[in-house]
Amino acid sequence: YGEILTGMKEVPVRHGYMTVLLSPNDFEEQGRSFIIHLIQRRMDGVLHMMSHRNLSEQDFIAMRENGIALVNDPTTPTGSFFSIDYTPGVTQLASYFIEQGHRNIGILAWRTPEHFPTDPRIKVFQDTTKSYGVEVPPEHVFSSKNLFDTSHRDGYVAMRELLAAGRKITAVFAMNDLMAYGALRACYEAGLSVPRDISIAGCDDVFLSECTSPPLTTVSVPKRDVGRQSMELLIQRIKKDPAANRTVIFQTGLVKRASIGAAPQ
């Protein structure tokens, strides 16, 4: 998500702030001591983006009580929030698969804990195909080995499992472009031609997706705008601007390239 970070970095310097990037591993390895470190360093604000690895309610309360401005604080009903609405783009993608004659469809997804909510990208995709009378059964969803992993390697391994299952799937939706890259590699090694033998699509429209072979059809996310506008929201929050009390929703769309074709007869 380098494009999101690029957008983020454009904003703080104009207002005299520095940007510090913190990864999920920072929190998982250091736990609560890391939150204490943020407070002691007198951070002005925190932009929370780890929706699947949320901090505890206690962590958010501690930051708020110590004067740290927050964006995407899930413990309060009011405040500053942003989200990506995958519904338009994923709906278009699922409909495009159906229009191309695909009825036996698979999904490459991350592994989640039991009872964890279905990712909105997967849910929208399944709901859309179902509206056309096409079910994507659970046995057609192939997941990464580790929780929340969605790398090229995860897509490669999951796609190999899908092909080995012998379910005659003709189209695959990978929940992000990195997994789709791995799927393309697995198809190449299996001697399958994309999209003649099988169609593949991703999600996020990473800049490399137009350079794959074939170029990847994917759901586009306005990544630079996400970074820029979310950071502008945080700056407003830090300055106690009443305009910061709002939710910004970013829309998605479908980018058609060459990795989806008609279902093989």
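Me: Which residues does T75 touch, not counting residues up to four places away in sequence?
Reply: A word on the model first: it is predicted, so local features need pLDDT of at least 70, side-chain atom pairs count only at pLDDT 80 or more, and totals for chains, interfaces and linings use all residues. Residues are numbered from 1 along each chain as its sequence is written, and side-chain values use heavy atoms, with hydrogens and water left out. Contact here means heavy atoms within 4.5 Å. With sequence neighbours up to four places away set aside, T75 touches E57, F60 and R64.

Me: What is the relative accessible area of T75?
Reply: T75 sits in the loop between β2 (69-71) and β3 (81-85); helices (H or I, at least four residues) and strands (E, at least two) are DSSP runs, numbered from the N terminus. Buried means under 20% relative accessible area, exposed over 50% and partly exposed in between (1.4 Å probe, protein chains only). T75 counts as partly exposed because its value is 26%.

Me: How are the rings of F97 and F125 paired?
Reply: Rings of Phe, Tyr and Trp (its six-membered ring) pair if their centres lie within 6.5 Å; planes under 30 degrees apart are stacked, over 60 edge-to-face and the rest tilted. The whole structure has four aromatic pairs. For F97 and F125, the centres are 6.0 Å apart and the planes stand at 85°, so the pair is edge-to-face.

Me: And how are the rings of F125 and F173 paired?
Reply: F125 belongs to helix α6 and F173 to strand β6 (residues 171-174), 48 residues apart. Both residues are buried, F125 with a relative accessible area of 0% and F173 also with 0%. Their ring centres are 4.7 Å apart and their planes at 20°, so this pair is stacked.

Me: At what angle do the axes of α1 and α9 cross?
Reply: Axes are lines fitted to C-alpha atoms, for helices over the stretch in contact, with angles from 0 to 180 degrees between N-to-C directions. On the α1 side, E3, I4, T6, G7, M8 and E10 take part, meeting K223, R224, V226, G227, R228, S230 and M231 of α9. The axes of α1 (residues 2-10) and α9 (residues 223-238) come within 6 Å, crossing at roughly 35°.

Me: What is the relative accessible area of K240, a residue with positive phi?
Reply: Most residues other than glycine have a negative phi. K240 has a phi near 60° and lies in the loop between α9 and β9 (247-251). K240 is classed as exposed because its relative accessible area is 72%.
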